[in-house]
Amino acid sequence: MIEKPAMTEKNIIIKIKRQDKPASSAYWQTFEVPHRPFANIISCLMEIQKSPTTGNGETVSPVTWDSNCLEEVCGSCTMLINGQVRQACTALVDNLTTPITLEPMSKFPVVRDLQVDRERMFKNLKKVKAWIDIDGSHDIGEGPIMQDQDRAKRYIMSECMTCGCCLEACPQFTMDNSFLGAATFNQVRLFNLHPTGEMKKEERLDAVMGEGGITDCGNAQVCVEVCPKNIPLTESIADIGRQTTWQAIKNLFTK
Ligand code: FES
């Protein structure tokens, strides 16, 4: 049986940057929630949702946010917590300085309050064909054997949850450019390293050699600092840089 956390005297002050609609202006509201040991930011938001009353006693519309897995796997709860981009489900209030500030990510359009639209990331994955083609839904037998060291390398890269942390931190990724960003380059590396995925290697490399591609990376290296999965993003960027150089030479003779 899970023990219920004890209520304490202390209240947690949470300042939330809110926005009613995609085109409306942002504003701040402050809420207080009872302190519970081991509480995460999502549970505080749920507490606010139950009774959306600000610190001034004003009843307001409930705060909205995205979340799903609650175990740092889906990436949907990514937001700025005390100015740091991270997942709200694994941000424990006891490890945060108060008052706690919550803001939506700034590199994606706000849908409402803490919810943002990360569609650009998924469109980028489509651009680079970040998948493994199969011949059909029939049984096509066992896949090709992979070397253990390649499998281990791919496993780390496959942990990307398309959360957007790397893009939020990247000075090169802005709302008005088409930079693909570290998460996409990492997926190109991941799928190019697969014995079947390799079939589309050239198409993927051509996609990252266009506008917003690998040469737009300014090498700030902050992506790797904020990745919650510790994916070696700068290694992936360097590797894709090498792959595209070879591809450019090859294109000179074949295209
Ligand atoms: S809810 Fe899935 S990562 Fe937080």
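This report describes the sheet, the salt bridges and a surface patch of a predicted model.

## Basis of the description

Residues are numbered from 1 along each chain as its sequence is written, and side-chain values use heavy atoms, with hydrogens and water left out. Because the model is predicted, local features need pLDDT of at least 70 and side-chain atom pairs count only at pLDDT 80 or more, while totals for chains, interfaces and linings use all residues.

## The sheet

Five strands form an open sheet in the order β2-β1-β5-β3-β4, with mixed pairing. The edge strands are β2 (26–34) and β4, each of which pairs on one side only. From one strand to the next, the twist averages 30°. Strands are DSSP runs of E with at least two residues, and helices are runs of H or I with at least four, numbered from the N terminus; two strands pair if DSSP finds at least two bridges between them.

Helix α1 (residues 41–50) packs on this sheet and touches β1 (11–19), β2, β3 and β5, contact being heavy atoms within 4.5 Å. The direction of helix α1 makes about 95° with that of β2. Such angles run from 0 to 180 degrees between N-to-C directions, with axes fitted to C-alpha atoms, for helices over the stretch in contact.

Strand β3 (residues 78–81) runs antiparallel to β4, and 4 bridges join the two. Ile-81 has Gln-84 as its bridge partner in β4. The hairpin of β3 and β4 has 2 residues between the strands, and Asn-82 takes a positive phi near 50° there. β3 also pairs with strand β5 (residues 100–103) in the antiparallel sense, over 2 bridges; the bridge partner of Leu-80 in β5 is Glu-103.

In a regular strand the side chains alternate between the two faces of the sheet. Buried means under 20% relative accessible area, exposed over 50%, and partly exposed in between (1.4 Å probe, protein chains only).

## Salt bridges

The structure holds 13 salt bridges, each a side-chain nitrogen of Lys or Arg within 4 Å of a carboxyl oxygen of Asp or Glu. One of them joins Lys-50 and Glu-47 (3.5 Å, N to O). Both residues lie in helix α1, 3 residues apart, about one turn of the helix. Lys-50 counts as exposed because its relative accessibility is 63%.

Asp-113 and Arg-112 meet in another salt bridge (3.9 Å, N to O). Asp-113 counts as buried at 0% relative accessibility, while Arg-112, at 29%, counts as partly exposed. Lys-129 and Glu-203 also form a salt bridge (3.6 Å, N to O). Lys-129 lies in the loop between α2 (119–127) and α3 (148–158) and Glu-203 in helix α6 (residues 201–208), so the pair ties together parts 74 residues apart in sequence. Lys-129 is partly exposed at 24% relative accessible area, and Glu-203 is partly exposed at 39%. A network of salt bridges links Arg-189, Glu-235, Asp-239 and Arg-242.

## A nonpolar surface patch

Trp-246, Ile-249, Leu-252 and Phe-253 make a nonpolar surface patch of about 560 Å². Patches are made of residues with over 30% relative accessible area and no salt bridge; nonpolar side chains (Val, Leu, Ile, Met, Phe, Trp, Tyr) are joined within 5 Å, and like charges within 9 Å. Phe-253 is found in helix α8 (residues 233–254) and counts as exposed because its relative accessibility is 71%.

How values were computed: Accessible areas come from the Shrake-Rupley method with a 1.4 Å probe; for residues, only the protein chains shown count as cover.
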